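This briefing goes through a protein model topic by topic. Please look at the sequence and the 3D structure first, then read the notes beside them.

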Amino acid sequence: MAKVEDYEKLEDDEIVAILDTNIRQSIGYYDSDLARERKKVTDYYNATLPKPAHDGNSRYVSQDVYDSVESMKAALLETFSSGNKIVKFAPQGPDDVVLADVCSAYTDYVLFRQNDGFGVFRSVIHDGLVARCGIAKVFWQEMFEDDIKEFNQLTQDELDMVLAEDEVELVESNEDENGLLSGLISTPRDVSKVCIEPVPPEEFLIESQAVSLDTVNFVAHRSRKTLSELREMGFSEKKLSKIGDAHEDVELETDAEILARHNDIGADRGHNAHGYQDQIRNIMVYEAYINIDIEGTGIAKLHRILKAGNVLLEVDEVKRIPFVTFSPLPIPHAFYGSNFAEKLIATQNARTILTRSILDHAMITNNPRYMVVKGGLTNPRELIDNRVGGLVNVSRPDAISPMPQASLNPFVFQTLQLLDEDKEDNTGVSRLSQGLNKDAISHQNSAAMVEQLATMSQQRQKIIARNFANQFVKPLFHMAYQICVENEDQQKIIDIAGEYVQVDPSRWEDKRDVTVQLHLGYGEQEAESQKRMAIHTMFSQDPILSSMYLPQNAYALTKDTLERSGIMNVADYLTPPDQIPPPPPDPAQEMQMQMAAKQIELQERQTAVAEAKAQVDAQVQQMKLQLEKMKAEAQHALQSDNQDLKEQQFKFKQFIDSNELEILRTAEDLRGIASPTG
């Protein structure tokens with residue numbers, strides 16, 4: 001086993017040699033069994049096969065391949081067409097619900113408004129049904145548009161200041177009589193976007209025995225590009241001059257698949273752009289994605305290698321292979337599944353031959369060949385003339401007799417009916433699901449029974465639809481989302497469902513889980529809508545559930561019902577509960593409320609007056625008590641003073657009386673009376 005130090009860095013010619021080896025060994029490179037099968041299926045799809053056995057036979061061709069492919073394609077496109085909002089990113093948590101809805105709406109905007117999503121789905125589904133595998137390419141395309149603006153009445157200095165800004169160019173200018181300048185300037189506007197393009201089956205190459213794009217080591221996309229396109233891609237003239245004239249578009253120009261696809265419009269005339277100018281000369285360019293160790297580190301990494309002829313134009317290390325594929329009938333452990341349309345070739349051959357036999361038999365019966373006795377006709381031209389009622393002169397009664405004709409096999413019509421059933425079994429597309437079985441509608445069969453039978457007849461269609469959802473739609477939205485996150489570096493304001501939403505993909509999560517809502521059966525969309533309307537009625541009428549059924553719940557349920565019915569502009573009919581202004585009050589109710597408010601105000605005033613009166617009464621009572629107390633204290637003091645006065649008067653009288661007695665005892669005239677004034 002080689003060691004790491006034994007590896008060496010690869011030169012450009014070594015890379016080209018490795019690439020050429022993988023291209024030659026890949027499936028779909030040149031005249032492979034797969035290419036011949038796809039060419040054959042295309043001929044049967046265009047009803048150019050089977051050819052009549054003889055020139056005189058009927059040229060009728062049964063359209064079994066075409067009918068089945070178009071019926072299946074119509075069923076899938078109806079389900080996955082633009083506006084159904086079948087894909088939704090799951091929120092990572094409660095706070096991520098709104099952002100997840102914005103991510104879903106913006107990715108849907110990228111697919112169906114920035115790109116022709118319906119056309120991509122149509123091409124991929126068609127290629128998957130007739131070519132085993134449908135392929136789409138998802139990549140980031142840097143694009144700029146010139147934004148032309150007008151300027152007026154500027155001086156030369158002012159114009160120079162404007163032109164000094166980054167990437168501003170002068171388109172034209174005119175000077176007026178005052179020396180002022182007017183004209184046009186151009187500024188580049190970044191219109192880069194995620195591009196989604198279907199890849200023709202003959203342009204897609206993949207290594208043999210590939211299982212899936214996740215495990216493949218080599219895959220390539222070859223395409224025709226002119227010298228002008230290569231120059232616009234930025235490649236130098238030095239590299240382009242090395243391509244020379246020996247590597248023109250020879251492989252795809254004579255490819256049997258392309259010739260079969262354009263056979264009915266004159267594909268044998270060759271390519272229109274041959275020779276009239278060197279700038280539009282076509283060159284085969286290979287864009288290969290290969291695991292290769294270019295630097296000699298011992299670890300092979302995924303690289304994108306662009307090659308034209310033997311010239312290596314570009315080498316870049318990349319994160320992913322930019323292809324998304326769809327196989328309607330996948331085979332486990334194989335990249336290419338079974339061919340849906342090829343399984344109907346035998347049925348188309350059988351139905352064509354049987355129907356031609358019926359038509360040929362009817363033609364011979366209406367225009368039989370005759371046995372004529374020699375000399376029995378007077379004028380042989382009369383027999384050749386097929387005019388109705390024309391005369392034929394004969395010389396004898398038995399001169400003319402019809403040639404014996406074998407009768408039509410009675411089992412032809414039964415066989416045709418068996419072939420119809422066999423086609424339905426092979427494809428899963430029944431007459432009932434197409435609305436072509438008149439026997440299904442009868443007095444005994446109710447509408448519900450017919451819907452149930454139609455839905456049951458679409459089981460195979462549902463499986464193919466789920467294959468398309470899981471193999472193609474989910475990876476497509478994942479890849480478009482990741483490319484937006486990696487490359488979008490500016491905030492945008494876009495119109496989503498009638499509302500302008502600001503988005504900034506550079507701030508989104510690197511990866512999100514994707515869910516696909518799939519409804520394919522007969523009337524399933526209507527059935528889902530009716531189911532939700534029944535839930536709305538039950539919630540509204542139930543007294544217990546109605547308390548839990550709030551306006552925002554009713555809005556969400558009704559919005560989902562309308563969207564499932566195909567009405568996407570819900571904002572034109574319903575307004576979210578949080579945006580509804582409060583309704584104006586009823587005049588009688590408003591008057592009653594005002595009277596009640598005034599009554600309450602009057603009661604409050606009465607209560608306040610009563611409280612104030614009680615407070616005043618309490619103060620008056622307290623003052624009365626204080627006054628009574630003061631009065632009692634004053635009366636008590638007065639009584640005390642009177643008592644003291646009486647005691648003093650009594651004592652004074654006693655003093656006088658004692659003095660008078662003393663005077664009487666000492667006076668000479670005992671009858672004299674001592675007077676206080678004396």
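Helices (H or I, at least four residues) and strands (E, at least two) are DSSP runs, numbered from the N terminus. In that numbering, V285 has its place in strand β9, residues 282–292. The model is predicted. A search of the whole structure gives 20 salt bridges, and the structure also holds 14 aromatic pairs.

**Contacts between parts of the chain**

- V285 counts as buried because its relative accessibility is 2%, and buried means under 20%.
- S506 sits in the loop between β16 (499–503) and β17 (514–516).
- The C-alpha atoms of S506 and E486 are separated by 6.8 Å, while the two residues are 20 residues apart along the chain.
- With a relative accessible area of 38%, S506 is partly exposed.

**Aromatic pairs**

- The structure holds 14 aromatic pairs.
- One of them is formed by Y45 and Y66; this pair is tilted, with 5.2 Å centre to centre and 50° between the planes.
- The pair links distant parts of the chain, since Y45 is in helix α2 (residues 33–45) and Y66 is in helix α3 (residues 64–80), 21 residues apart.
- Y45 counts as buried because its relative accessibility is 15%, whereas Y66 counts as partly exposed at 35%.
- F204 and F323 form an edge-to-face aromatic pair, with 5.4 Å centre to centre and 80° between the planes.
- This pair also links distant parts of the chain: F204 is in strand β7 (residues 204–206) and F323 is in strand β12 (residues 323–326), 119 residues apart.
- Both F204 and F323 are buried.
- Ring pairs also link F80, F112, F121, F326, F468 and F472 into a cluster.

**Salt bridges**

- Side chains of opposite charge can pair when their charged atoms come close.
- How many salt bridges does a search of the whole structure find? The search finds 20.
- Among them, the side chains of D43 and K39 meet at 3.0 Å, N to O.
- D43 and K39 are separated by about one helical turn because they are four residues apart in helix α2.
- Is D43 buried or exposed? D43 is buried, because its relative accessible area is 9%.
- E601 and R605 form a salt bridge through their side chains, at 2.9 Å, N to O.
- E601 and R605 both lie in helix α19 (residues 587–666), where they are four residues apart, about one turn of the helix.
- E601 counts as partly exposed at 37% relative accessibility, whereas R605 counts as exposed at 54%.
- Another salt bridge joins the side chains of R231 and E237, at 2.5 Å, N to O.
- R231 counts as partly exposed at 35% relative accessibility, and E237 counts as partly exposed at 44%.
- A network of salt bridges links K137, E287, R304, E314 and D316.

**A charged surface patch**

- Which residues form a negative surface patch? The patch is made of E5, D6, E8, E11, D12, D13 and E14.
- E8, one of the patch residues, lies in the segment before α1 (12–25).
- E8 counts as exposed because its relative accessibility is 63%, and exposed means over 50%.

**Backbone details**

- Most residues other than glycine have a negative phi, and most peptide bonds are trans.
- The peptide bond from L49 to P50 is cis, with omega near 0°.
- P50 is found in the loop between α2 and α3.
- R132 is not a glycine, yet it has a positive phi of about 75°.
- The place of R132 is in the loop between α5 (117–131) and β2 (134–141).
- Q153, also not a glycine, has a positive phi of about 55°.
- Q153 is found in strand β3 (residues 144–154) and is partly exposed, with a relative accessible area of 46%.

Terms used: Residues are numbered from 1 along each chain as its sequence is written. This is a predicted model: local features need pLDDT of at least 70, side-chain atom pairs count only at pLDDT 80 or more; totals for chains, interfaces and linings use all residues. Side-chain values use heavy atoms; hydrogens and water are left out. Patches are made of residues with over 30% relative accessible area and no salt bridge: like charges are joined within 9 Å, nonpolar side chains (Val, Leu, Ile, Met, Phe, Trp, Tyr) within 5 Å. Accessible areas come from the Shrake-Rupley method with a 1.4 Å probe; for residues, only the protein chains shown count as cover. A salt bridge is a side-chain nitrogen of Lys or Arg within 4 Å of a carboxyl oxygen of Asp or Glu. Lys and Arg count as positive and Asp and Glu as negative; His and the chain ends are not counted. The place of a charge is taken as NZ of Lys, CZ of Arg, CG of Asp or CD of Glu. Buried means under 20% relative accessible area, exposed over 50%, partly exposed in between (1.4 Å probe, protein chains only). Rings of Phe, Tyr and Trp (its six-membered ring) pair if their centres lie within 6.5 Å; planes under 30 degrees apart count as stacked, over 60 as edge-to-face and the rest as tilted.
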